[in-house]
Amino acid sequence: MIAQIQKNPWRLLLVVNAAILVGVFVHKIQLPPYVPYIHLVVDYHFGFIKRALIGAIVALFTDKVPVWSVFAIGGVTWLVTLALYARLFQKSFGFTAKTLPLFVFVAGSPFFLKNFMHTLGHFDIYGCALAIVLLLMPAGSLLFVATAALFAIVLVLIHHIHLLMYVPTIVTIVVIRHYLACGLNRGNVAFGIVALLIVAVLFFAAQFLGTMPIPEADFVAYLKTRMADPSRTDLLQFAYIWYQPLAKEVSDTWGRLPHNILGVPVFALLIWLHTPLWRYFARLIAALASETHRRLVLAALTGVSLAYLVMFAMVFDYSRWISNWAVCMFLILHAVKMLPAARETALIPTEDRKTNVFGLILTLIPRVGIIRPF
């Protein structure tokens, strides 16, 4: 029995991942939800401002926001994302003994669902969920491009940093699933360019015109009227971010850089532990039937990665950024799987000792973190 598990441990690793997820959730609800909570009480009461869409939606349903709503809304979003990804994996690969290692390397990665559980209530997961929806829905008409544009607009309104975090991946999915499949014509190219311009204008409006127009003390006083427990003033300590200019964010990031850069070797190690997955991805790209498709995919991967490098220079939540970069790679892998291939791509082996060890280590890592590793 033990020898059989050592030879093919993937079902056991899946169970261990589920147990670790429960542990991460229990730990998460014991932590103070500072930033996620304040995003639920900020709305458009004083006009258009950045980072206010989720709070505005919450305001449609309740005048007073309890602290537990952070975990309720975040938990439901996490479960929806899990269900969407399970459906996507079934559509792309199916659930069989041969595909189980691939599922464990992706769904069990500390970059993905486990880290989304640790960052429960943060806005990152919305980009992932909407990108998965685009991978699941039909892509043969301009309705698909319009839906992608709408998702990008929603994400920028949730937080303008999504322009770098998930919008490039959404653009990649649209190019792969619509433009490469349906071809280019004057109508769909013009539609796509206009959509990109709208999203870009919205980003600049949020970044440079979305600052809170009233004094911070008045802003905090209003937020207290939205709180179920106004005495929890500790939950409002990040109100300053609605006043902080881009130059200050960049300055803070570079000021922390000497300390935060120490985590880069850890991030590199975590990426290396995914080597069986990256090798499969490389084989998948190499097997594409079109050389043009291969070049465009490589260009897209480079573009998405460069967007994350810009984000690294602007905001210091490095563990979150590297985790979401990996998630974007996972999602683009699924998009590439939908392109025509010249040959079948060999999956991650189920009985390779080194692969099994890497899978076990990744399974046992509960999450990557928010700013610094772990």
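# Briefing: salt bridges, buried residues and a surface patch

The structure holds seven salt bridges, a salt bridge being a side-chain nitrogen of Lys or Arg within 4 Å of a carboxyl oxygen of Asp or Glu. This is a predicted model, in which local features need pLDDT of at least 70 and side-chain atom pairs count only at pLDDT 80 or more, while totals for chains, interfaces and linings use all residues. Residues are numbered from 1 along each chain as its sequence is written, and side-chain values use heavy atoms, with hydrogens and water left out. Helices (H or I, at least four residues) and strands (E, at least two) are DSSP runs, numbered from the N terminus. Buried means under 20% relative accessible area, exposed means over 50%, and partly exposed lies in between (1.4 Å probe, protein chains only).

**Salt bridges**

- Arg-226 and Asp-43 meet through their side chains in a salt bridge (3.5 Å, N to O). This pair links distant parts of the chain, with Arg-226 in helix α13 and Asp-43 in the loop between α3 and α4, 183 residues apart.
- Arg-226 is buried at a relative accessible area of 5%, and Asp-43 is buried at 10%.
- Asp-124 forms a salt bridge with Arg-320, their closest N and O atoms being 2.5 Å apart. Here too distant parts of the chain are linked, since Asp-124 belongs to helix α8 (residues 124-136) and Arg-320 to helix α18 (residues 318-337), 196 residues apart.
- Asp-124 is buried with a relative accessible area of 1%, and Arg-320 counts as buried at 3%.
- In the salt bridge between the side chains of Arg-295 and Glu-291, the N to O distance is 3.2 Å. Because the two are four residues apart in helix α17 (residues 291-314), Arg-295 and Glu-291 are separated by about one helical turn.
- Arg-295 counts as exposed at 58% relative accessibility, whereas Glu-291 counts as partly exposed at 38%.

**Buried helices**

- In helix α13 (residues 216-226), Phe-219, Val-220, Tyr-222, Leu-223 and Arg-226 are buried. Seen down the axis of α13, these buried residues fall within an arc of 160°, so they line one face of the helix; the arc is that of the directions from the helix axis to the C-beta atoms.
- The buried residues of α13 pack against α3 (34-41) and α4 (53-59).
- Eight of the eight residues of α6 are buried, so this helix is largely enclosed by the rest of the structure.

**Individual buried residues**

- Thr-99, in the loop between α5 (68-92) and α6 (100-107), is buried with a relative accessible area of 4%.
- The side chain of Thr-99 reaches the backbone oxygen of Gly-94 at 2.7 Å, and a polar atom of that side chain lies 2.9 Å from the backbone nitrogen of Thr-96.
- Arg-367 is placed in the segment after α19 (353-364) and counts as buried at 14% relative accessibility. Leaving aside neighbours within four places in sequence, Arg-367 is in contact (heavy atoms within 4.5 Å) with Pro-110, Lys-114, Asn-115, His-118 and Phe-374.
- The C-alpha atoms of Arg-367 and Met-117 are separated by 8.3 Å, although the two residues are 250 apart along the chain.

**Surface patch**

- Val-22, Phe-25, Val-26 and Ile-29 form a nonpolar patch on the surface, with about 310 Å² of accessible area together. Patches are made of residues with over 30% relative accessible area and no salt bridge, with like charges joined within 9 Å and nonpolar side chains (Val, Leu, Ile, Met, Phe, Trp, Tyr) within 5 Å; accessible areas come from the Shrake-Rupley method with a 1.4 Å probe.

Definitions and conventions: Polar contact = N/O pair within 3.5 Å; in protein donor to acceptor, adjacent residues only side chain to side chain.
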